[in-house]
Structures are given as C-alpha cells and as structure tokens.
Amino acid sequence: MNIIRRPRRNRQSAAIRDMVQETRLHASDFIFPVFILEGRQVRSEVSSMPGIYRYSQDLLLDEIGRCLDLGITTFDLFPNLPESKKDKYATESHNPDGLYLQTVRAIKEKYPEAMVMTDVAMDPYSSDGHDGIVENGHILNDETLEVLGRMAVAQAQAGADIVGPSDMMDGRVAYLRQALDSAGFHNVAIMSYCAKYASAFYGPFRDALDSAPKFGDKKTYQMNPANRREALIEAELDTIEGADMLMVKPALAYLDIISLLRQNSNLPIAAYNVSGEYAMIKAAAQNGWLDGERAMMESLMAIKRAGADVILTYFAKEAAALIK
Ligand code: PBG
C-alpha cells in the first residue's frame, strides 16, 4: 500500500510514544483538598469518598508531611463543624481560635514551605447550609460580602497564601482584594471559583462536611450547567476585579469550559476535579468495572490537556505517588 502519512510510526514503541507525548502530569500541578474536624487522633473516612478522610489537626499535620514528601506543595482546607458551631452569619468562620484558622496556623508553623489555600464561603459554618446569608429564602449578595471579607482577612492573618472564594456572590473578588489590601495582605493571592456550576457532582463533598443546603438549591448563585458564554462574563469580571487565577468547577464534565477560558485568558487556569468525579471512579474500581488507576491518570491528563495549569483533586496523593 502506498500510504505516505503513517501516524502509527510515532506510536510504535514506548520510547517514541514518550518522546512525542504532548501533556505530562507533575505532582506540582496538584492542589490537595483536605478535610479537618475537631478532636485529637481522629481519622474518619468519608463514606462516599473511599480513601479520603477527615483528620483532626494532629493527624492532618502528619498527612501533610507525607504529601510534601511526594511533591505536593499546596493544600486546600475545608472544615467539618458540629451543628452547634454553625449560625446564620457563619460567625465561626472568622474566630481566630476556631478549628479552621488554628489549623492554618499550625500547618504554616510546622511546614513553612507548604502553601495553604483557604476556602471563602459561608456553607461549612452556616446553619442554613448556603454560601451566603439567607433571608426569607433569598441569598443576600452584598451583605454576604462583608462576612466573606472578614473571613478572608482572618484567614490571611492565620497565614493563608491563597484564598479561594467558592461562594459565587457578585463582586466578591474586588471586595476581597480591597479588604486584603487594606489589612496589608497585598501578597495573599485570590484563586476565584470563576465558572462554578450548580452541579450534582458536589454530593460527596457535602457528606464530608455535613454542609448540604437545609432548603432549596444553589442555582441562584452557581451557574447553569447549560451555559458556556456566561463563563466568559464571569472570567472577564473576576479578571478586572483582581483575581490571580481562574478556576473552573467541576472539571470533567466541563472540559470545554476549561479550554474556553484557557483560550480567552492569560491568567493561570485551575480546574476542580470534584468529589463526585472522584467517587464515580472509586466506586467503579471497587466493583471491578474499570481499572481505577488508569481511569484516574487518564482523567487528570484530560483536565490538563484541556488547558488547566492547576488541578484541585482528591486523587493528588495517589497520583503523585504513581508519578514518583
Ligand atoms: C462550597 C463548596 C463546594 C465545593 C467546594 N466548595 C460545594 C458546593 O458548592 O455546594 C465542592 C467540592 C467538591 O465537590 O469536591 N462553597
């Protein structure tokens, strides 16, 4: 046969495949989201996320040490709080002696080389389970910004390197930038949850934190999964408002959005490979329905190939171990 172009030539051996490989994963691509809870020597597995645990502070510090050894440098913290610590205004979110901020301080003290990313949203601290202040069934935007501002400044005081507003209130990136700068935290970065969709894939995360909304859903602030152009509006606003990095969330069902933002922005793009995406692969692997390791690496590779510079993923530790 006279076939001049034979793409299979570049696939014929491991050596040549490796040579022409376009995308590579490194441990430094990952941010590891971790869950903390009160107590000492406590480690409780999230039932819908096999292999993922809520740790008390002491055990979390050990876990972070192990992750640093694997080359993971950045950790995104989320607190599981008892109902008794939650209220309408998320007061606990800016309590310097509370579990969350104390843990941020402890990590930075023990591992100054580690980067800590903190979450800015009211839901883990809110008795309503929403990301903002609720009044008569409505989520108040501008009133919520004040709470978020206080939260972010308290996190910066505790030593946070990056704050991650995951709330989707309008104007919050500008508000946080201003609040951080006035408090002297010019160097604290903002990774905005820029295109965050109202997704079914957050279910296991809400189990992990017991943070599901007490009524309704999050559709008046998180984006409609049907929308693509709207992601560009969010990206434009967050950029003007001062975001240092833009995030797309979830990742796997939104690869087109990752690619879209990559092509339309010069900022680093992050993607959040969320709890439900983790749970699906784990569940199928446990059933013997697919090869969990390969599905994990293929998914992470796809997220990077789509254009993500940074991947927040519960697979961080497992993938980093495999890469090593
Ligand atoms: C809430 C928040 C959520 C996640 C991160 N921050 C859930 C939600 O919006 O209800 C989800 C992460 C995941 O599913 O892994 N501020």
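## Close-up views of a predicted model

**View 1. Leucine 70 and what it touches.** Leaving out neighbours up to four places away in sequence, leucine 70 makes contact with Ala27, Lys317, Ala320, Ala321 and Lys324. This is a predicted model, so keep that in mind for every view that follows. Leucine 70 sits in the loop that links helix 2 (57–69) to strand 4 (74–80). Look for leucine 322 as well: 252 residues separate leucine 70 from leucine 322 in sequence, yet their C-alpha atoms are 9.5 Å apart in space.

**View 2. Helix 3 and its packing partners.** Here we zoom in on helix 3 (99–110). Helix 3 has twelve residues, and its first and last C-alpha atoms are 16 Å apart, close to the 16 Å expected at 1.5 Å a residue. Which residues of helix 3 are buried? They are Leu99, Tyr100, Leu101, Thr103, Val104, Ala106, Ile107 and Lys108. Those buried residues pack against strand 1 (30–37), helix 2, strand 4, strand 5 and helix 4.

**View 3. Helix 4, end to end.** Helix 4 covers residues 141–158, and its 18 residues should span 26 Å at 1.5 Å a residue; the end C-alpha atoms are 26 Å apart, which agrees. The buried residues of helix 4 are Thr144, Leu145, Val147, Leu148, Gly149, Met151, Ala152, Val153, Ala154, Gln155, Ala156 and Ala158. What covers them? Among the elements doing so are helix 3, strand 5 (115–120), strand 6 (133–135), strand 7 (138–140), strand 8 (162–165) and helix 5 (172–182). Just past the end of helix 4, glycine 159 takes a positive phi of about 120°.

View 4. Threonine 144 belongs to helix 4. Buried or exposed? Threonine 144 counts as buried because its relative accessibility is 0%, and the cut-off for buried is under 20%. Setting aside residues up to four places away in sequence, threonine 144 touches Met122, Asp131, Gly132, Ile133 and Met169.

**View 5. Strand 8 and its two partners.** Strand 8 has buried residues pointing both ways: Ile162 and Gly164 point one way, Val163 and Pro165 the other, and all are buried. Strand 8 pairs with strand 5 in the parallel sense over four bridges, and methionine 117 has isoleucine 162 of strand 8 as its bridge partner. Strand 8 is also joined to strand 9, again running parallel, by two bridges. In that pairing, valine 163 is bridged to isoleucine 190 of strand 9. To get from strand 8 to strand 9 the chain goes through helix 5, and this β-α-β crossover is right-handed.

View 6. Strand 10 (residues 245–249) is mostly covered, with four of its five residues buried.

**View 7. The largest pocket.** How much space lies in the largest pocket? About 270 Å³. Its lining is made of 18 residues, and Ile139, Lys219, Thr220, Tyr221 and Gln222 lie nearest the centre of the pocket. Strand 7 and helix 7 (229–241) each supply at least two lining residues. Strand 7 gives the most to the lining of the largest pocket, with three residues.

**View 8. The largest cavity.** The count comes to one cavity of 30 Å³ or more. The largest cavity has a volume of about 130 Å³. Which residues lie nearest the centre of the largest cavity? Asp123, Lys196, Tyr202, Phe205 and Lys249 do, out of the 17 residues that line the cavity. Strand 9 and helix 6 (203–209) each supply at least two residues of that lining.

Note on methods:
Residues numbered from 1 in each chain as written. Predicted model: local features only at pLDDT ≥ 70, side-chain atom pairs only at ≥ 80, totals over all residues. Heavy atoms only, no water. Expected span 1.5 Å × (residues − 1). Buried < 20%, exposed > 50% of the residue type's maximum accessible area, 1.4 Å probe, protein only. Contact = heavy atoms within 4.5 Å. 1 Å grid on protein atoms, 1.4 Å probe; cavity = no way out; pocket = protein on both sides within 12 Å on 5 of 7 lines; lining within 4 Å. Points joined across faces, edges and corners; volume = space filled by probe spheres on them. Pairing = 2+ DSSP bridges. Right-handed = clockwise from strand over helix to strand, strands pointing away.
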